[in-house]
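Have a look at the structure first, then read on.

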Amino acid sequence: MAVQQVAGADPYFPEHGDPRYRVHRYELALDYRPGPNRLSGTARINAIAGRAPLTEFVLNLADYKIGRVRVDGRQPHYTHRGGRLRVRPAKPVRAGAAFTVEVHWSGNPEPVNSPWGGLGWEELEDGALVASQPIGAPSWYPCNDRPADKASYQISVTTPSAYAVVAGGRLLTRTTKASTTTWVYEQSAPTSSYLVGLAIGKYQTVLLGDPGPGGVPQHGHIPARLLGDFSRDFARQPQMMEVFQELFGPYPFDEYAVVVTEEELDVPVEAQGLSLFGANHVDGARGSERLVAHELAHQWFGNSVSIADWRHIWLNEGFAKYAEWLWSERSGGRTAQQHAAAAHRVLSSLPQDLRLADPGRKSMFDDRLYERGGLVLHAVRCALGDIAFFRMLRGWGQLHRGGTVTTAAFASHVARFATEPVDELLRAWVHGAALPPLPGAGTRAPR
């Protein structure tokens, strides 16, 4: 498993995350009542101090009432304002030492404000949904909210028994007492805070395909009225899983789940081991199949292999975009070259002022970043040839499994598989603003 990289504050969100320590494990015990939209929780956070003694540290948490804070069982001094829980332990934590933080909080969860609207915990008409990318995690639990700080999670959620709870990871237990049920999930793989997904609603659960011995269990959690359309729209997901494991390497987690909410979502959202779709993404005609492929591909690129900070988001979205094109190619649709040509035509008509290597916070989710990111992968494929390219792609996922990466790390990785220098190619596509010429034709995914 790759080792996490040590980095400073995220340049796009300096108020989120604290690089002076890292979290090893979160244990969250939540109680949620959908009617009054009331959440109370306890977090036990196992962390390790960095290279300097910790006289204070910060957790990100939205505007909740704080009931209790403890550091290694002792009461610290703390302040809580502006989404930052600043904690000063009674005794400084030694450099490199392990320590435990306990936080109790309660209140009415709501999304946190961002340049893209509300993010994180969203109250639905009947239930709740968490979609946190990039800074929504503090809307529902205290965390070191930076993508490079990856930890394991155990999440326990108690809610009225009429509701199902879905989280990324393996369901350990489901216990009903009187009118409530407690669901306990374990996500053992290192997980960024924004990728901790949660859905609470009245869902029916179906198994997608037969994983067979050693296969990946895939479940869908869907409102009953959408079961028929869902069965057609997601019918090829098990085949996608097989193709992506062949092209990208073994699936990096224990299980994979998809949730379809009763309500519409602007776009689907990935979480670790879980993807969240809106009712508008289910039409019975596979109208959103490219998005099914996109979110599944994020389990490798973005979730298992995570970015060190948000400047490198193209490594998430460009890879997932190219996975859409690869799935199209392998399933009898348009080839990756045809998709690349179409993307290039669109980009050539748009402003050319975006640099993938550092797009700026305002352009993190610009459509151009997705399309140009896909074109980078296609350009590398054309330069390396299919055999070396797919070896490179599988190696990228396996070398950095569970870890974090940067654009520079990707350039170094590609260079190891190239017979000729690729510096100029990557400089033009990733660091330059002007759109380079369309990469060559005639490439097809291996069969």
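Contact here means heavy atoms within 4.5 Å. Helices (H or I, at least four residues) and strands (E, at least two) are DSSP runs, numbered from the N terminus. Buried means under 20% relative accessible area, exposed over 50%, and partly exposed in between (1.4 Å probe, protein chains only).

A word on the source: this is a predicted model, where local features need pLDDT of at least 70, side-chain atom pairs count only at pLDDT 80 or more, and totals for chains, interfaces and linings use all residues. Residues are numbered from 1 along each chain as its sequence is written, and side-chain values use heavy atoms, with hydrogens and water left out.

Let's start with helix 7, residues 386–399. Its buried residues are Ala388, Phe389, Phe390, Met392, Leu393, Gly395, Trp396 and Gly397. Among the elements that cover them are helix 2 (237–248), helix 4, helix 6, strand 21 (404–405) and helix 8 (407–415). From first C-alpha to last, helix 7 reaches 19 Å with its 14 residues, close to the expected 20 Å at 1.5 Å a residue; that expected span is 1.5 Å times one less than the number of residues.

Helix 4 is mostly covered too, with 17 of its 17 residues buried. It reaches 23 Å end to end, close to the 24 Å expected. After helix 4 comes Gly332, with a positive phi near 95°.

Now for the voids. On a 1 Å grid over the protein atoms alone, a cavity is a set of points where a 1.4 Å probe fits but cannot get out, while a pocket is an open set with protein on both sides within 12 Å along at least five of seven lines; lining residues have an atom within 4 Å of a point. Points are joined across faces, edges and corners, and a volume is the space filled by probe spheres set on them. For classes, Ala, Val, Leu, Ile, Met, Phe, Trp, Tyr, Cys and Pro count as nonpolar, Asp, Glu, Lys and Arg as charged, and the others, Gly among them, as polar.

| Space | Volume | Lining by class |
|---|---|---|
| Largest pocket | about 860 Å³ | 15 nonpolar, six polar, eleven charged residues |
| Largest cavity | about 80 Å³ | six nonpolar, one polar, two charged residues |
| Second largest cavity | about 50 Å³ | four nonpolar, five polar, no charged residues |

Which residues lie nearest the centre of the largest pocket? They are Gln133, Asp266, Val267, Pro268 and Val269, out of 32 lining residues. Helix 3 gives the most to this lining, with four residues, and helix 4 and helix 6 each supply at least two. Gln133 also has a cis peptide bond to Pro134, with omega near -5°, and Pro134 is in the loop between strand 9 and strand 10.

The count comes to three cavities of 30 Å³ or more. Lining the largest cavity are residues including Leu347, Arg368, Arg372 and Leu435. For the second largest cavity, strand 10 (151–160) and strand 13 (180–191) each supply at least two lining residues.

Two non-glycines have positive phi. Asp72, at about 50°, is in the loop between strand 4 and strand 5 and is partly exposed at 45% relative accessible area. Ala178, at about 55°, is in the loop between strand 12 and strand 13 and is exposed, at 83% relative accessibility.
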